[in-house]
Amino acid sequence: YAWNAQGQLLTGFPVQTNPTFSGPSAANQDNRVLPGIASAPALADLTGNGSLDVVAASEDSHVYAWGPTGQAVPGWPANAM
């Protein structure tokens with residue numbers, strides 16, 4: 001979820017992680033991946049366009065990045081392992 005200064009939900013949000021990264025086929029005795037965000041997101045201008053992107057680590061072993069309107073940043077998610 002992301003809100004503006006007036007408490008209104010931003011267009012394009014909420015976003016979600018990719019369920020195929022944490023589905024039954026991804027899990028085994030050594031890999032207990034889960035859906036969901038693992039920690040607080042960070043903001044950074046990943047594309048150099050002057051807008052802040054949302055970056056978040058997920059419990060599915062990937063780091064996700066979404067633009068200010070909820071679209072995936074090109075090249076993301078990235079496998080953190």
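This is a predicted model: local features need pLDDT of at least 70, side-chain atom pairs count only at pLDDT 80 or more; totals for chains, interfaces and linings use all residues.
Q: Where does Ser61 lie?
A: Ser61 is in the loop between β2 (53-57) and β3. Strands here are DSSP runs of E, at least two residues, and numbering starts from the N terminus.
Q: OK. What is phi of Ser61 near?
A: Near 70 degrees, a positive value in a residue other than glycine. Most residues other than glycine have a negative phi, and most peptide bonds are trans.
Q: Is Ser61 buried or exposed?
A: Ser61 counts as buried because its relative accessible area is 18%. Buried is under 20%, exposed is over 50%, and partly exposed is in between, with a 1.4 Å probe and protein chains only.
Q: Which residues does the cis peptide bond with omega near 10 degrees link?
A: Phe13 to Pro14. Pro14 sits in the segment before β1.
Q: What about Trp76 and Pro77: cis or trans?
A: Cis, with omega about 10 degrees. Pro77 is in the loop between β3 (62-66) and β4 (78-79).
Q: Switching to packing. Which residues make up the largest nonpolar core?
A: Six of them: Ala2, Phe13, Val54, Ala56, Tyr64 and Trp66. A core here is a set of buried Ala, Val, Leu, Ile, Met, Phe, Trp, Tyr and Cys residues joined through side-chain atoms within 4.5 Å.
Q: How many aromatic pairs turn up in the whole structure?
A: Two. Tyr1 and Trp3 are stacked, 5.7 Å centre to centre with 10 degrees between the planes. Tyr64 and Trp66 are also stacked, at 5.5 Å and 10 degrees. Rings of Phe, Tyr and Trp (its six-membered ring) pair if their centres lie within 6.5 Å; planes under 30 degrees apart are stacked, over 60 edge-to-face, the rest tilted.
Q: Tyr64, buried or exposed?
A: Buried, because Tyr64 has 4% relative accessibility. Trp66 is buried too, at 8%.
Q: And Tyr1, buried or exposed?
A: Tyr1 is at 64% relative accessibility, so it counts as exposed. Trp3 is exposed as well, at 52%.

Note on methods: Residues are numbered from 1 along each chain as its sequence is written. Side-chain values use heavy atoms; hydrogens and water are left out. Helices (H or I, at least four residues) and strands (E, at least two) are DSSP runs, numbered from the N terminus.
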